[in-house]
Amino acid sequence: MTKRLLTHPLLVTVLLVLLFWQGSVTLFSISPRYLPSIQMVAQDIQANAAQLLASTGRTALETLLGFALGTAFGVACGILFFYVSWIDRAWFPLFVVSQTVPVIAFGALVVIWFGNTLFAKVMIAFYLTFLPVTLNTKRGLQMVDPLHISLLRSFGASGMKRFLVLHFPAAAPSIFVALKLGISLSLVGAIVGEWFGDTVGLGVLLIQSMYNEDVVRMWTLIVICGLTGALLYAVVERCERKLAWWGK
């Protein structure tokens, strides 16, 4: 078990990155203003563990809530667009156009509407999540082999039955591709939402460290954001292996 863990590609990659990071700092005597050593980052994490943990928990909550709403809304819209062609022609282009609005501009409006609340951050995370899920749900449903549909019809299967046993299972792998992208975008949305003002969250700490020119803290937060995103991605991928294993 230990040998398998030590040879895992992801773990090997992480170790190589850490080795390159520390080796570059030591070999080229890079100033902490540009790239602090791993030891300095670890010391910062240890000294501010409570604050960092609380901020990570708050941002993760915003991310998960926004991701859940974006997933539910995106899947529902993808199904609706697939089955009702006139709604697809009328509304789908508006969905695409909505994503051309910069997240900063949308975030500013949301904060004006709802204030610096948890709901505002969740809505920004939702905004970045729903379109990829909508696109992939619709595309996955369209990829079903017409011969399979005809076969089920010949056995008298209803529209709901065809959806449950054929269309949705066929679309599931495509949907999970969007979910793996969506969870990362949701994290970005939550962090950006916190830039508009809050008291806790990774985005708040990032803004504070930038204004204070605290480079060590900025690298600490970069590492934490990366680890948080990787963990959330791994959870979604694990769900994919359990729920849509035929697409792997």
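The legends below describe close-up views of a predicted model. In this model, local features need pLDDT of at least 70 and side-chain atom pairs count only at pLDDT 80 or more, while totals for chains, interfaces and linings use all residues. Residues are numbered from 1 along each chain as its sequence is written, and side-chain values use heavy atoms, with hydrogens and water left out.

**View 1. Helix α10 and its cover.** Helix α10 spans residues 202-211; helices (H or I, at least four residues) are DSSP runs, numbered from the N terminus. Its buried residues are Leu202, Gly203, Val204, Leu205, Leu206 and Ser209, where buried means under 20% relative accessible area, exposed over 50% and partly exposed in between (1.4 Å probe, protein chains only). Among the elements that cover these residues are α4 (49-83), α9 (159-194) and α11 (215-243). Just after α10, Glu213 has a positive phi of about 55 degrees.

**View 2. Asn136 in helix α7.** Asn136 belongs to α7, residues 118-142. With a relative accessible area of 18%, Asn136 is buried. A polar atom of the Asn136 side chain lies 2.9 Å from the backbone oxygen of Ser174. Leaving aside residues up to four places away in sequence, Asn136 touches Ser174, Ile175, Val177 and Ala178 (contact means heavy atoms within 4.5 Å).

**View 3. The ring pair Phe81 and Phe95.** The whole structure holds 14 aromatic pairs; rings of Phe, Tyr and Trp (its six-membered ring) pair if their centres lie within 6.5 Å, and planes under 30 degrees apart count as stacked, over 60 as edge-to-face and the rest as tilted. One of them is Phe81 with Phe95, edge-to-face at 5.2 Å centre to centre and 80 degrees between the planes. This pair links distant parts of the chain, with Phe81 in α4 and Phe95 in α5 (residues 85-98), 14 residues apart. Phe81 is buried at 3% relative accessibility, and Phe95 is buried at 12%.

**View 4. The ring pair Phe114 and Phe119.** Phe114 and Phe119 form an edge-to-face pair because their ring centres are 4.9 Å apart and their planes stand at 80 degrees. Phe114 is partly exposed at 39% relative accessibility; Phe119 is partly exposed at 40%.

View 5. Phe73, Phe81, Phe92, Phe95, Phe126 and Phe130 are linked into a cluster by ring pairs. Lys138 lies over the face of Phe92, 4.1 Å from the ring centre; a charge sits over a ring if NZ of Lys or CZ of Arg is within 6 Å of the ring centre and within 35 degrees of the ring normal.

Methods: Helices (H or I, at least four residues) and strands (E, at least two) are DSSP runs, numbered from the N terminus. A polar contact is a pair of N or O atoms within 3.5 Å; within protein, one must be able to donate a hydrogen and the other to accept it, and residues adjacent in sequence count only if both atoms are side-chain atoms.
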